[in-house]
Every structure is written in C-alpha cells, then in structure tokens.
Amino acid sequence: MTAAGLVQLALYMAVLLALVKPLGWYMARVYEGRPCGLDRVLGPVERCIYRLAGVHADASMRWPTYAGAMLLFNALGLAAVFALQVFQGALPLNPQQFGGVAPDLAFNTAASFATNTNWQSYSGETTLSYFTQMLGLTVQNFVSAASGMAVLVALIRGIVRRSTGMSSTVSSPGIGNFWVDLTRTTLYILLPLSLVLAVALVSQGVVQTLGPYREVEVLDGGLTRSTGETPMPRRTQTLAVGPAASQVAIKQLGTNGGGFFNANSSHPFENPTPLTNFLEMLAILLIPAALCTTFGRMIGDTRQGWAILAAMFIIFLPMLGLCVGSESRGNPEFVRLGVDQASSGAAVGGNMEGKEVRFGVANSALWATVTTGASNGSVNSMHDSYTPLGGLAPLWLMQLGEVIFGGVGSGLYGMLMFAVITVFVAGLMVGRTPEYLGKKIEAFEMKMASVVILIPPLLVLVGTAAAVMTESGRSAVANGGPHGFSEMLYAFSSCANNNGSALAGLEADRPFYNVALGVAMLAGRYALAAAVLAVAGSLASKKYVPPSLGTLPTHRPLFVFLLAAMVVLVGALAFLPALALGPIVEQLIFVNSLTR
C-alpha cells in the first residue's frame, strides 16, 4: 500500500463525513415538510403532480395501506420495464435496431431495476435501445431508490409518533403518505443531486447523446501497402455511445449500480478521469450515510444517528483494510513464480489483474468495498480477478444484509431492525422489557425484525444449493473448485441482498439464473420492506415510555459496539460455512502453494 493510496482513502472518508451533516439536515427538512430552499421553485411542480394524480397530500396512511401503495407502484414499474424490453424493436430511439429481449432475461432485468438491485445478465450496448435505457431503466433508478427512502421515512415516523392508536379513526396520523414521500424524495433530493452530478460528469467526458454509435478509425489504421503494392483498407471500430451521464449519476446516487455499458464504471465513457472516479464513489455512499443524520434529526436526537453511522464504520473500515491490503500484496501465485508485481508508479502495483491502470489498487479496492457495502453494484474493476481474501470482503459485506451502508433507505431501515434485536437481547441480559427510543419492543416487533434478518440468508443459501445441485446451475460456471462455488454464492448473495455486482466467470444469462435470481431479488426487497412497514405501524400505535435507570442508552459507545457485534455475529453464523467452501479454502490453497 503506497502513501498516495493512503492519502486517497483518507481524502475520500474526510469529504464523505464533511457532507453527511448538511445533506442529512436538508433531507430531514424535506420529509418534515419544512422550507428547504428548493420548495420555492419546485413547490408548484409538486402540487401540480398531486392534482394530476388525484393525491390528497395531507392524508396519512396506516401501514397496510402504505405497504399496498408501495407494492402496487413497484409492480406497475416492473411490468412497464418488462414490456419496454420485449417490444423495444417496435419502439423509437433505437438507432442500432435492437430487437426485443427474451422473456426470461426481460423478467430478470425488470425485477432487477424495480428492486434497486440492477443486476445485469446482458450487455447494455448490444441489447437495449436508448428508449429502454431512458424510459425504463433510468426512471426505475429514480423511483426504486425513492421507494426505499419512503419506507425508511415511514419507519422513522412510526418511532416518532406518540400513541396514534390502531383502533382509532381513519383520520389518525398513521405513518405518512407513500405518494407524497415518493414525490418529495424524487423531486427535492434525487433529481437536483443527479442534475449536478450529471453536469459534472459530462464536463469530464462522460458521453450524453441520442446520436447513433460512431464508426471511427483505429489509431494504427492508416493506409498501408502489402507486398503487391495493393492498398490495405482502413481499419475502423464501432464506439457505443448514448445518454450515459444522466443514467450514471442516478445509478450512483440511488445506489442502483447498473451500467449503461457492460464494463460499467471501468468503461472510459462512464468513468473517464480520476475526478469522475472520486465523484462517483462519493455519490455511492453520500445519501446512505447522510440518512443517518436525517434519522437523528427527525427523532429529535442527533446522537442516535451518529451512533448508527459509527456502527457502520466499525464494520466497514476493517473490510476496507482487508480488501486493500490483500490486493496490495498481490497474487501469491506470481510470488511463487518469481514475478515482480511492484511498479514505480504510485497508483499501481500489487494485484492489477482486472483493474484499470488509471485507478490502481487503492481506488479499485475502495470502490469494491464501497459498492458492495452500499447495495450499489457498480464496479470500476473486475471482482472475479480479486485475490481470495480481497474478494471475501465485498462478498461478506453483501451477506451482512446490505446494512453497511446499504441501499438508500433500505440500508438504514435494515440497520434499525438490527438495533431492535440488539436492545431486545440486551433487555434479556438484565431482565427488563426492552425499549428503543421510547417504544417497547415486544413479540410482534421481534418477529418482523427476524423476518428482515433471516430472509436474505435463506434466499442466498437455498439458491446457491439449488445452483450447485443442478446441471443448469453448474454448467454456467467458467471455473471449477472453490472459485466456481464462490461465483454461484456471490450471485445469490448479490441478488438476494439487492446489490447487483457479479463475478464475471458466471454466465448468468440462462433461464435458470434469470428466473432464480429474479425471484431472489423480488423476495429480498419486498418481503423485507413489508415487514419494516409492519414494525412502523406497530411502533406508531405504542405510547412513549420515558427513559429510566434501567433503559439501555442507545447513543453511547456500548450500544454502538453491541450493534456492530450483532451484525457481525448474525453474518458469521449464517455464512461462515459457505465462505469456508469458497474464498477461505481458496486462500488456503494459495498459501499451500507457496510452501511447496
């Protein structure tokens, strides 16, 4: 690890933490309906949207109604994206004349973008038209992210509300209005941030055009002559272009991650310079981290938000160190062969296989850790080429439930479910009814929190077992042994936890994986969101219980440590045996090869 690499990592963390508080403050004002600056300009637009949609902005919903609206809206989005793909051959803005997408792949892609996963079993530049990319995928990048943030805000309101009473009249406050939360998230948060980032990316060379693909001459394609003095034709290649910058901006800010091009953010048209690399990485964690501050402000105690953020960093930083350290040491097989992996350049050296020379090990490993911690899934290097321990870090971050930092909204509400379990366990240890932020945690909340915690591991392990046991699952793997198993485990870990990154050795565009992974994405998103909304409704109906001498303070270092330990413990118990069959045994094989 070079000094330049350390400086880059430190700069990233410093800028991220500096932006967390102001953005968190702004989002809290948006969700509380208070003046935020942009309301003077966008307020009339917001009210016009409500009138056109027939939405009563002041009507609050109980949790079943809120959940039903969220599920209905997302189901319509899934159907729309599916239809756009199947019929894109007859739709406009298709300069390359791409035909319709196969139904199994269209289902997988629609489920992927509706659930904020953005897993891609296709190559964007050879499969999808501009119309599908913009109207289908880019729109879903906005609304799927907004849906997750809406569910989080509903949970926060459930914590804040004081005894709304489940048996009270329909006019009771409930947990908010899904349509209002969706609109305000998109209009006041995601659109302005995406516009600013998109302009910055275009200024650095990220492509943004509706023109057709370009035929250009290659650099060594000048006229040459053969021995017979016959002129050789000029050599050309086709450059895929399109409206990429607008999609790249929201894919990072909304923790979506789907690439406009197959190479994703390692493609020079998506991520051309060190500045775009920094801005895109920053955008991935910006909203998930800032939402911790939003949470603290909305419940009236900013210390609670900082405590949750601290627990996230306690887990994130060691995983970052493991990934960067492992990749910086290089490939042990090269060491055994006497190959020098060092370089005089400050940005390169170590295991450079699958990495862009312009980004190097530090920025590649940082991106891999950030993208898998944040339920983003975009890549600027190929995770399949990482060392076993370097690849274990992003894999396990996904398996922790995508709560470090997780998707926008979904990461924090997942972490709050871990907080519910933590205070329950702490209450059992001292023989007291557990409380969290003035609300008693009882059997119903624990059941729903358990659903949130246990469904993703179930989907991952059952799905991986099915892939291992069937010919359809095994035949798609390019590598044998533990690495091939890791490719299957990574795929289901990524989809069930709505991440979207992949190990490229898996040929995922097959009916088995398209259907199985699509089902995992849908269950991993909506079953958890519905359970969280049920907890929000239950907490909203409870009376506030003032803290006493027996109450566990949830803003102090002891709770931060207990929360982080609970996340790690659940992840270890669920996945350690599977990890032992994949990256751990692969690392042992590498170590053994060095001792021969």
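In the classification of residues used here, Ala, Val, Leu, Ile, Met, Phe, Trp, Tyr, Cys and Pro count as nonpolar, Asp, Glu, Lys and Arg count as charged, and the others, Gly among them, count as polar. The structure is a predicted model, in which local features need pLDDT of at least 70 and side-chain atom pairs count only at pLDDT 80 or more, whereas totals for chains, interfaces and linings use all residues. Residues are numbered from 1 along each chain as its sequence is written, and side-chain values use heavy atoms, with hydrogens and water left out.

Pockets were located on a 1 Å grid over the protein atoms alone, a pocket being an open set of points where a 1.4 Å probe fits, with protein on both sides within 12 Å along at least five of seven lines, and lining residues being those with an atom within 4 Å of a point. Grid points are joined across faces, edges and corners, and a volume is the space filled by probe spheres set on the points. The second largest pocket holds about 400 Å³ of space, and its lining of 23 residues has Gln304, Leu437, Gly438, Tyr544 and Pro547 nearest the centre. By class, this lining comprises 12 nonpolar, seven polar and four charged residues. Helix H6 (130-160), H10 and strand E3 (435-436) each supply at least two of the lining residues, helices (H or I, at least four residues) and strands (E, at least two) being DSSP runs numbered from the N terminus. The largest pocket has a volume of about 470 Å³ and is lined by 27 residues, of which Gln120, Tyr122, Asn262, Ala502 and Ala504 lie nearest its centre; its lining divides into 11 nonpolar, 14 polar and two charged residues.

Side chains of opposite charge can pair when their charged atoms come close. With a salt bridge defined as a side-chain nitrogen of Lys or Arg within 4 Å of a carboxyl oxygen of Asp or Glu, the count comes to 12 salt bridges. One of these joins Glu270 and Lys251, with the closest N and O atoms 2.7 Å apart; because Glu270 lies in the loop between helix H8 (244-253) and helix H9 (274-298) while Lys251 lies in helix H8, the pair ties together parts that are 19 residues apart in sequence. Glu270 is buried at 0% relative accessibility, and Lys251 is likewise buried at 0%, where buried means under 20% relative accessible area, exposed over 50%, and partly exposed in between (1.4 Å probe, protein chains only).

A salt bridge also forms between Lys355 and Glu327, at 2.7 Å from N to O, and it links distant parts of the chain, with Lys355 in the loop between helix H11 (332-337) and helix H12 (360-373) and Glu327 in helix H10 (residues 302-329), 28 residues apart. Lys355 is buried, with a relative accessible area of 9%, as is Glu327, with 0%. Glu445 and Lys542 meet in a further salt bridge (3.6 Å, N to O), which connects helix H15 (residues 443-469), where Glu445 is found, to the loop between helix H18 (511-540) and helix H19 (557-594), where Lys542 is found, across 97 residues. Glu445 is buried at 1% relative accessible area and Lys542 is buried at 12%; together with Glu442, these residues are linked in a network of salt bridges.
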